[in-house]
Amino acid sequence: MTTEKRDERLLSDSVLDVNPEEVPAGVDRRAFMMRSALVGAMAVLTGCSKESPEKAAAAAPPPPPAAPAEPPLSADLDVVKRAKGPVMTTIDEFYKVGPGPSSSHTIGPMRITYDFYQRATKLPADQLAQATALKVHLFGSLSATGKGHGTERAALAGIVGKEPATVNPLFLDDLAAKPDQVFKVKLGSKEIDASLKDIIYDAPKGNFPHANTMTCKLMAGDKVLLEQEYYSVGGGFIEWKGYTPPKKGEPKYPYSTMAELLQHAETAKISVADVVLANEVAVSGKSEAEVNAFVDKITTAMVNIVKSGLSMPESVLPGPIKLKTKAGDVYKRAMEDRFQGQRGIGVVSAYALAGSEENARGHLVVTAPTGGSAGVMPALVYAVGEGGRKIPQEKIRRGMMAAAAVGYLCKHNATLAGAEGGCQAEIGVASAMGAAFLAQAHDEPNQAIANAAESSLQHHLGMTCDPVAGFVQVPCIERCAFGAVKAWTGFLIAKNETPANRRVDFDTTVSAMALTAKEMNAKYKETSEGGLAVSLVLC
């Protein structure tokens, strides 16, 4: 008998010698059996007596304590309720323009405080005459990583009457450079002072309705004149306690899964983009021309973001990481590459780095679906348009519709918030959107569009959100480049495979993302308490 055969038989015998019903309580069954098999095999090979299973188990270290359960999302949130019906999100709700670096920690909070400012202005004059201060309290992930995201500056900007889509990023930069500024806020005939001291980083942990919870208060000394609890639920979407969604029309092709969307497209013999456009018109009440004009505005913004990022000289981004920008250098060297394939990958990566570096600077970005992933879609839009293949705007527009459908479904059936689902919910969804965009823009069949999105999302499952020092820089900026390249990979695989042969469908992968989000340790959900955030030592 050969040595290999003998060892195999000895190991087999030792496995058979283990009684699976005798696993001690509190010990992992699989670990116990593997350990017992190894001990038995070594005992036979060395001639030493074998420990009893009970002794082996007693000597084993105790299993690690289970991670504390994260509070579930409140059932009262509209983002939770909507998952029970068809997709009702519209293009202008989904693609938002605003300052970086985060849709949930910058754009959302600014929208929230601007909403509160508007509410406060509508109070009766006698109440406004008593007002002495405006206070904003940040909880959960907003408190844990808000400093790195510039949440306090965004919140103050909204309080003083500035909106995300129109705020000059230089205003936010100036706040960072001169944090002691005091602003006059006019409420009726009354003016009150507001500064960064009025934005309070409150409890980072607690049983909140959402991981990104805020409260806004208008005070008259110690008396509260007006108070509202808000939630930044991801992708720049906001809700508040008692929120009622606006009335909308009924979708022409109601769907809550990709399977339902594809069935509508097959029955009507139209594309994914056609289904989305028809629903936009039905739900929003806008004309096709109005919807298309909005999409064109968004793609123009994306192109300008990439161009701006590429034009910036090398510099050091704000914050303690002291990260140097590199989009311009990567682009220049990629264009000099003598291998066409490498040149293409390098250029797309540079475009994504450019968009993501603009986000890290706090400049204007487009949520697609979030600020942290804001380099992915602009890179692909620019690559197939003005910065590369120069395909017609009509095809780019249709690609944006298909991308939106993917984002809608991920929001509807899982999450877009890193504070809920880790980075799989941001870069993963952006990459899936990008793959669908490319497939639709290149007139691929509907099943290939779904397959491209599935492939790209699948290979981001489990990705954590662990921003170093709470800044959307490491690993976020380079992740946008990888997300864009993986979107192109997903597109090419789906384009060249037999669509019907794909074993995993999009809806299954979204379900897996939602399950992974629920089971992911809270340390890896935009808290900067795990992963690279604790491994990387800043000098």
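Student: Is Lys395 buried, partly exposed or exposed?
Tutor: Burial is judged by relative accessible area: buried means under 20%, exposed over 50%, and partly exposed in between (1.4 Å probe, protein chains only). Lys395 has a value of 26% and is therefore partly exposed. Please note that this is a predicted model, in which local features need pLDDT of at least 70 and side-chain atom pairs count only at pLDDT 80 or more, while totals for chains, interfaces and linings use all residues. Residues are numbered from 1 along each chain as its sequence is written, and side-chain values use heavy atoms, with hydrogens and water left out.

Student: With which residue does Lys395 form a salt bridge?
Tutor: A salt bridge requires a side-chain nitrogen of Lys or Arg within 4 Å of a carboxyl oxygen of Asp or Glu. Lys395 meets this rule with Asp443, their closest N and O atoms lying 2.4 Å apart. Lys395 belongs to helix H17 (residues 393–413), whereas Asp443 is in the loop between helix H19 (427–441) and helix H20 (446–458), so the contact ties together parts 48 residues apart in sequence. The helices and strands named here are DSSP runs numbered from the N terminus (helices: H or I, at least four residues; strands: E, at least two). Asp443 has 48% relative accessibility and therefore counts as partly exposed.

Student: Where do Glu444 and Lys495 lie in the chain?
Tutor: Glu444 and Lys495 form a salt bridge with a closest N to O distance of 3.4 Å. Glu444 is in the loop between H19 and H20, and Lys495 is in helix H21 (residues 476–496), so that distant parts of the chain, 51 residues apart, are linked. At 15% relative accessibility Glu444 counts as buried, whereas Lys495, at 40%, counts as partly exposed.

Student: How many salt bridges does the rule give?
Tutor: The count comes to 20. Among them is the contact of Lys178 with Asp174, at 3.3 Å from N to O. Lys178 is partly exposed at 47%, and Asp174 is partly exposed at 28%. Salt bridges also link Asp296, Glu394 and Arg397 into a network.

Student: How many aromatic pairs are found in the whole structure?
Tutor: The search finds 9 aromatic pairs. For Phe139 and Phe208 the ring centres are 5.5 Å apart and the planes stand at 45°, so the pair is tilted. Phe139 is in the loop between strand E2 (133–138) and helix H8 (141–149), and Phe208 in the loop between strand E5 (199–201) and strand E6 (213–220), so parts 69 residues apart in sequence are tied together. Phe139 is buried at 13%, and Phe208 is buried at 17%. Phe171 and Phe183 form a tilted pair because their centres are 5.5 Å apart and their planes at 50°. Phe171 lies in helix H10 (residues 169–177) and Phe183 in strand E3 (residues 183–187), so this pair joins parts 12 residues apart in sequence. Both Phe171 and Phe183 are buried.

Student: What are the cut-offs for such pairs?
Tutor: Rings of Phe, Tyr and Trp (its six-membered ring) pair if their centres lie within 6.5 Å; planes under 30 degrees apart count as stacked, over 60 as edge-to-face and the rest as tilted. Ring pairs also join Phe94, Tyr95 and Tyr408 into a cluster.

Student: Which residue lies over the face of Trp240?
Tutor: A charge sits over a ring if NZ of Lys or CZ of Arg is within 6 Å of the ring centre and within 35 degrees of the ring normal. Arg119 lies over the face of Trp240, 4.8 Å from the ring centre. Lys411 lies over the face of Phe237, at 4.5 Å from the ring centre.
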